[in-house]
Amino acid sequence: VPAAKRGKAEQTIVEAQRVIFAYVAGNVLTSVMASIFVGTLLAVMKVPGALLLALIAGLFDFVPVIGFIGSSVFAIAMALTVSATTGLVVGGLYLAYHLVENYLISPWAYGDRLKLSNVAVILAFAVGAELAGVIGALIALPIAAAYPAIERIWLRRQLPEDTVREHEKLKAD
């Protein structure tokens with residue numbers, strides 16, 4: 001980085017680190033919640049290997065959108081060893097939890113920490129996934145959350161004054 005830009009680069013790195021830490025904290029929170037849900041559900045349904053399946057669900061949940069669904073395959077397969085009804089119930093509850101996580105838990109967990117609205121979280125996931133698949137979904141939130149700092153540090157002089165005032169007003173709210 002040229003000497004004249006090092007101050008801005010260092011400030012950007014510091015703010016990006018805060019955003020990445022908040023993203024990781026949100027991801028850990030959603031994964032722990034998924035593990036608790038799955039562990040409780042499968043223990044109540046008397047599905048063999050409930051603890052291991054709960055750990056798998058938590059690990060898979062780190063991959064946005066498709067991870068938790070992927071972990072359901074193992075849980076449903078084990079639930080089918082109990083009965084077909086248990087397999088259907090587990091599959092239905094996995095689907096219900098997945099919807100709740102995507103539309104309520106994730107926006108709350110990430111939005112609060114990353115200072116993004118629920119709509120911004122969902123849109124960032126969707127756009128990231130559409131543009132670059134799983135990797136895009138993984139990096140979309142930190143990029144969306146880091147943008148205000150990048151705008152403030154690097155682009156402020158290129159933006160119209162009314163845009164700067166509008167963004168500062170939004171930040172204050």
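In which helix does Ile 36 lie? In this predicted model, Ile 36 is part of helix α1, which spans residues 6-44.

Two packed helices are described by the angle between their axes and the distance between the axes. For α1 and helix α5 (residues 118-155), the packing angle is about 145° and the axes are 9 Å apart. The crossing of α1 and α5 is right-handed. On the α1 side, the contact is formed by Lys 8, Ala 9, Gln 11, Thr 12, Glu 15, Val 19, Ile 20 and Tyr 23. These residues meet a set in α5 that includes Ala 137, Leu 138, Leu 141, Pro 142, Ile 150, Arg 152 and Trp 154. Sorted by class, the contact of α1 with α5 comprises 14 nonpolar, two polar and three charged residues.

Helix α1 also takes part in a nonpolar surface patch, to which α1 gives the most, with five residues. The patch has an area of about 780 Å² and is made by Ile 20, Val 24, Val 28, Val 32, Ile 36, Leu 59, Phe 60, Phe 62 and Phe 74. At least two residues of the patch come from each of α1 and α2 (50-60).

Within helix α2 is Ile 56. Between Ile 56 and Gly 67 the separation is 11 residues in sequence and 9.7 Å in space, taken from C-alpha to C-alpha.

Note on methods. Residues numbered from 1 in each chain as written. Predicted model: local features only at pLDDT ≥ 70, side-chain atom pairs only at ≥ 80, totals over all residues. Heavy atoms only, no water. Axes fitted to C-alpha atoms, helices over the stretch in contact; angles between N-to-C directions. Helix = DSSP H or I, 4+ residues; strand = E, 2+ residues; numbered from the N terminus. Left-handed = near helix turned anticlockwise from the far one by under 90°. Contact = heavy atoms within 4.5 Å. Nonpolar A, V, L, I, M, F, W, Y, C, P; charged D, E, K, R; others polar. Patch = residues over 30% accessible without salt bridge, like charges linked within 9 Å, V, L, I, M, F, W, Y side chains within 5 Å. Areas by Shrake-Rupley, 256 points an atom, 1.4 Å probe, with all protein chains shown as cover. Salt bridge = Lys/Arg side-chain N within 4 Å of Asp/Glu carboxyl O.
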